[in-house]
Amino acid sequence: MIGIDLTKGNVTKSLLRFTVPFLVANVLSTLYGLVDMYIVGQYADATQISGVSIGSGVMMLVNCLLMGLGTGGTVLVGQMAGSRREKDEKEVISTVFTVFPLTAVMLIVVGFALKIPMLHLLNAPPESFDAANAYVSVCLFGLFFTGVYCAIAAVLRGKGDSKGPTVFVAISCLCNIVGDIFCVGTLGMGAGGAALATTVSQGVSVAAGFIYLHRHNFPFDFRPSSFRIYKSKFKMLLRIGIPTALQETLTSISLLVLEAIINSMGYVASAAVGVCNRVFNVAIVPGLAFAAAISAMVAQNTGAGEYLRGKKCLRVGLGLTVAVAALIFLLMAFFPAQIIGIFTHDKAVIASGVEYMTFYKFDCMICSIAFCINGYINGTGHTRYTMIVNLVASFAVRLPLVWLISRIAGTLFYISLGLPAASLVQVCVGVGFLLFAKSEREQRQKLRLAE
């Protein structure tokens, strides 16, 4: 039997029980990018590092639709599981397993058609253009595996199982490390080799997922006749998932525009920011893990009508997130050069990275808080609200501020100031939602408990 009931028991224990596997999975997922960057940095030059950085940004944009739909799938399955609607739950699962692979195929076609124009729009430096193109081309072939994995992970997490996806990612990460060493270190394939290792490891992850589901009597047999899109469930998936997908996509576009501004400063700045982004991806792992766990737990409790328990889940998650984020902030504050030096020996890249991390480290703390608040709001089904807030933060704060600073100062030191400013806007508006957007059902529950 797959899944656990997140609507009962001690909130802190339930949250930690669900979050720890999520945290491990996110750490391992982040290792994909870290291993790519580390091994390319050890065996290749700064142009290849820049190529991996730019190519990763493009692939993040392509993956956004799948990631957003994944959030919608998790919330929808969680609400059905929490309300004990087994028939509806099975129809949601069938719809998810059908929609995600089809979406991945569509993205592969679009990705190959637009990859060269996108690299030009990003101002990819001429020295690293071929490396970035090779990285994107190979990764696009693995996008189908990403779509299938997102479907499996979304359903399992919605049902309260965060351990399964962790196992898949662990196996995949191990394969990626071995593949990187062989393709980049032994064969000298550079950025393209890193992408090949990632693609093969994603295929292994999907295979592990199918084995896991088969051994745990998963309520979906994967026969051709079982793949079906239920119209009502598809609409629900789109209603919850599309705002998140659009939010992820447009936010990614804003980050790519930011990257284009930085790429215009040369491949050293591009490589430095690429390394800092990898460090940032590690630093926000705890916040992402707690946010995802909060979203799944709140979704089940919303389906069960336990709205106050959902609020308590957010409070506990925020407390734990801030404690961990503070520790990471201190490490980034006192040891920036040592951290960046893990990924490259290029002194110019390290110096530029330290400069960029001056204000960037504050974003790690603020972002983690914003993630948790957004996780709660998404779990209640209000994904459209988080979409609007994130878009305002990205396009009305981050980009204008970074563009203005780049024109006035033109250094990574000041450019990094625009990142925490945008995250702070998200936190402030999110807190406003929590304070003033109490539902009538929550008020009724308080009266019921008082009686």
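I count a contact when heavy atoms lie within 4.5 Å. My helices are DSSP runs (H or I, at least four residues), numbered from the N terminus. This is a predicted model, where local features need pLDDT of at least 70, side-chain atom pairs count only at pLDDT 80 or more, and totals for chains, interfaces and linings use all residues. Residues are numbered from 1 along each chain as its sequence is written, and side-chain values use heavy atoms, with hydrogens and water left out.

**Entry 1: helix 13 with helix 14**

I started with helix 13 (residues 347–379) and helix 14 (residues 383–408), whose axes lie 7 Å apart at an angle of about 145°. For axes I use lines fitted to C-alpha atoms, for helices over the stretch in contact, with angles from 0 to 180 degrees between N-to-C directions. On the helix 13 side I found N374, I377 and N378, which touch T383, Y385, T386 and N390 of helix 14. Sorted by class, this contact has two nonpolar, five polar and no charged residues. My classes take Ala, Val, Leu, Ile, Met, Phe, Trp, Tyr, Cys and Pro as nonpolar, Asp, Glu, Lys and Arg as charged, and the others, Gly among them, as polar.

**Entry 2: helix 13 with helix 10**

Next I took helix 10 (residues 285–303), which packs on helix 13 at about 20°, with the axes 7 Å apart. I noted their crossing as right-handed, meaning that the near helix is turned clockwise from the far one by less than a right angle. From helix 10, the residues in contact include F290, I294 and V298, and from helix 13 they include F371, C372 and Y376.

**Entry 3: helix 13 with helix 16**

Helix 16 (residues 418–436) meets helix 13 at about 25°, axes 8 Å apart. I logged this crossing of helix 13 and helix 16 as left-handed (anticlockwise instead). Their contact has 18 nonpolar, four polar and one charged residues.

**Entry 4: cysteines**

How many disulfides does the structure hold? I found zero, taking a disulfide as a pair of cysteine sulfur atoms within 2.5 Å. For C173, the nearest cysteine sulfur is that of C175, 9.3 Å away. C173 is buried at 3% relative accessible area (buried means under 20%, with a 1.4 Å probe and protein chains only). The closest cysteine sulfur to that of C276 is in C364, 9.7 Å away and too far for a bond. C276 is buried too, at 1% relative accessibility.

Methods:
Helices (H or I, at least four residues) and strands (E, at least two) are DSSP runs, numbered from the N terminus. Buried means under 20% relative accessible area, exposed over 50%, partly exposed in between (1.4 Å probe, protein chains only).
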